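This briefing covers disulfides, a sheet and a pair of helices. The structure comes next, followed by notes grouped by topic.

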Amino acid sequence: MSDVLVGQENEDPAVGPPPGPAQPHLGWALAGMSTGAGVIHIAMTPIHAGTWQEALGFTAAGWFQLVTAGIVLANRGGKRFYQVVALANLAFIATWLYSRTIGLPFGETPNVAEQVGAIDAACVALQIGVIFVAVRLILAPERRSVGKLAPALCAVAALGLATSVITSPSAANHNHAAKPTGIDALALTIDEDRCDTQFNEAGYWKEAKYLGVDTRWGGTPPAVAGTSTVSADGHDHGTATPSSGSTTTTEPDPYQGRGSPGLDHLVSATSLAATSEVEAAKMVTALSNATQKDYDTWLWWLRNSGTLNHTHAVTAATTTAEDGSGHGGHLGPQPWVAMTDQKQCDRLAKELDEARATALAYPTAKDTQAAGYRLVTGYLPGIAAHWINNSLIDDTFEIDKPEMILYDGNGLDAHVVGLSYYLWHAGDNKPTQGFTGDNDHGHRHLGLCSSKDTGTIIGDSSTSEADCEARGGTKSDGSMGWMSHAWVVPGCESPWGVFSAASPLLDDELPKSSGQDHGHCAGSGVRTRYGMSTSATSTSSSASPAADDDEGATGTTGG
């Protein structure tokens, strides 16, 4: 008799009682609340018709709840039926909770948590009531009589509540109040449509996000009237002008204000990094040698001190005072202009594949020497050793004809780590040629000291005229030479961006194993810090057939 309902005997619990005169019972209250919730869902369907997933979900939930009420009022509800009703309404509530805490992955604002409104709160309250009554009817040995008036009053109250909320002003204005507007809406659209995240290492995106580096507009967001400078993701995107520094944070200082000698060394090196190529190299070395705690605190300091350059001057059409010194005037992850056109992303992918194949065609410095290149700059942390082919220098950008190829040491058995393109271009307006997109940034090195005999660089831009002369060199103007890098060699991808002016992976540890391993920057001491595999050679070999040729070439050159 555990499944027998009031007024109905010998019932099949799977299908409910046989037809008969409807007797007032607790199920009537459930029917009223289910009808109220169903009416709300049906009424709100047009507002959520922007995507088929939401429209289908609201319609299905509404009709399920209305049919539930009909079955109950027809006196057809059994134990298994109420189990289904309870589980279904529990699923509806769970979906609602997810949409209000994390955000559904579809809809007008995917992955954005919505605010709780009076309408949805009322609907959830009715569904909780449905679950409570359904469980009571499942567990009760029989439908307990609650009188004729109480169930009817409960049902009427539920319908009255539903009618009140769907006719209220909040229903008319129900538009998910958390919808982003202005620049936040543009940012959301970019994040939905972008197709370029594979071009940079995971470590780049992680560190760029932490530091607040603009990876949507490259530091120059569009001007949107009436828009807050801080978007929903917490980044300061500015308005008509780029942000001049990172957004401050309430995250505590790891050293609680006491600092450390190692941190002070990084802070000092940061201020000097833009003054010359040698100082920039010292900065990369300092980062490489820093403890993880000092490095993490340095990132915290960068984010809070306003020292970090978010705008990356080279995204603009003209140069700035930062151009011509250091390793290109930028430290850390470079700002990035998002790419949302799949055709452009596909084109860039092919171009990078071509650049990668070009680099791997010269696996060692001996190979590049045989192709007419000569060593022009010895190994410097951050930018490696540069081999140049003067016959290729002109005013034309050609992916398969890089003017310079970069290596992990100064010997002929050194391994390739990247490419450098060098264009003649007069004036301070930056060249427009380059890879697809707006992320390969040109920079200049003004006033380098070159040997009169060999043309090799023997002094950086800070070298005085007298000192350069004493070394047997001459100061070069350099204002017409625009350089850009492409870190396309497998295993040597820059954690600061595929086109970054410098790479922290090229530390002072890397040249120590130059010619003694299989290349692919396996000897770098900071691979783990940036989440890169420590088995760079095997990873690169599986990623590119040319890596096998690299290994063979190393064996023939005494590597």
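In this predicted model, a disulfide, meaning a pair of cysteine sulfur atoms within 2.5 Å, joins Cys492 to Cys521 with an S to S distance of 2.1 Å. The torsion about the S-S bond of Cys492 and Cys521 is about 110°, so this disulfide is right-handed. Cys492 and Cys521 both lie in the loop between strand 8 (481–486) and helix 15 (536–543), so the pair ties together parts that are 29 residues apart in sequence. Helices (H or I, at least four residues) and strands (E, at least two) are DSSP runs, numbered from the N terminus.

**Basis of the model**

- Residues are numbered from 1 along each chain as its sequence is written, and side-chain values use heavy atoms, with hydrogens and water left out.
- Because the model is predicted, local features need pLDDT of at least 70 and side-chain atom pairs count only at pLDDT 80 or more, while totals for chains, interfaces and linings use all residues.

**Disulfides**

- A search of the whole structure finds three disulfides.
- With the bonded cysteines of the chain numbered in sequence order, the pairing reads 1-2, 3-4, 5-6.
- Cys195 is joined to Cys345 by a disulfide, S to S 2.0 Å.
- The S-S torsion of Cys195 and Cys345 is about 80°, so that disulfide is right-handed.
- Cys195 sits in the loop between helix 7 (182–193) and helix 8 (202–211) and Cys345 in helix 12 (residues 342–360), so the bond ties together parts that are 150 residues apart in sequence.
- Cys449 is joined to Cys468 by a disulfide, S to S 2.0 Å.
- For Cys449 and Cys468 the torsion about the S-S bond is about 90°, so the disulfide is right-handed.
- This pair links distant parts of the chain, with Cys449 in strand 5 and Cys468 in helix 14 (residues 465–470), 19 residues apart.

**Burial of cysteines**

- Buried means under 20% relative accessible area, exposed over 50%, and partly exposed in between (1.4 Å probe, protein chains only).
- Cys492 is buried at 1%, and Cys521 is buried at 1%.
- Cys195 is buried with a relative accessible area of 11%, and Cys345 is buried at 1%.
- Cys449 is buried at 0%, and Cys468 is buried at 0%.
- Cys123 is buried, with a relative accessible area of 6%.

- Three strands form an open sheet in the order 6-5-7, with antiparallel pairing; two strands pair if DSSP finds at least two bridges between them.
- The edge strands are strand 6 (457–459) and strand 7 (473–475), each of which pairs on one side only.
- From one strand to the next, the twist averages 40°.
- Strand 5 (residues 449–451) runs antiparallel to strand 7 and is joined to strand 7 by three bridges.
- Ser450 stands opposite Thr474 in strand 7.

**Helix packing**

- Two packed helices are described by the angle between their axes and the distance between the axes.
- The axes of helix 8 and helix 11 (residues 292–305) come within 9 Å and cross at roughly 50°; axes are lines fitted to C-alpha atoms, for helices over the stretch in contact, and angles run from 0 to 180 degrees between N-to-C directions.
- Glu207, Tyr210 and Leu211 of helix 8 make the contact with Tyr295, Leu299, Trp300, Leu302 and Arg303 of helix 11, where contact means heavy atoms within 4.5 Å.
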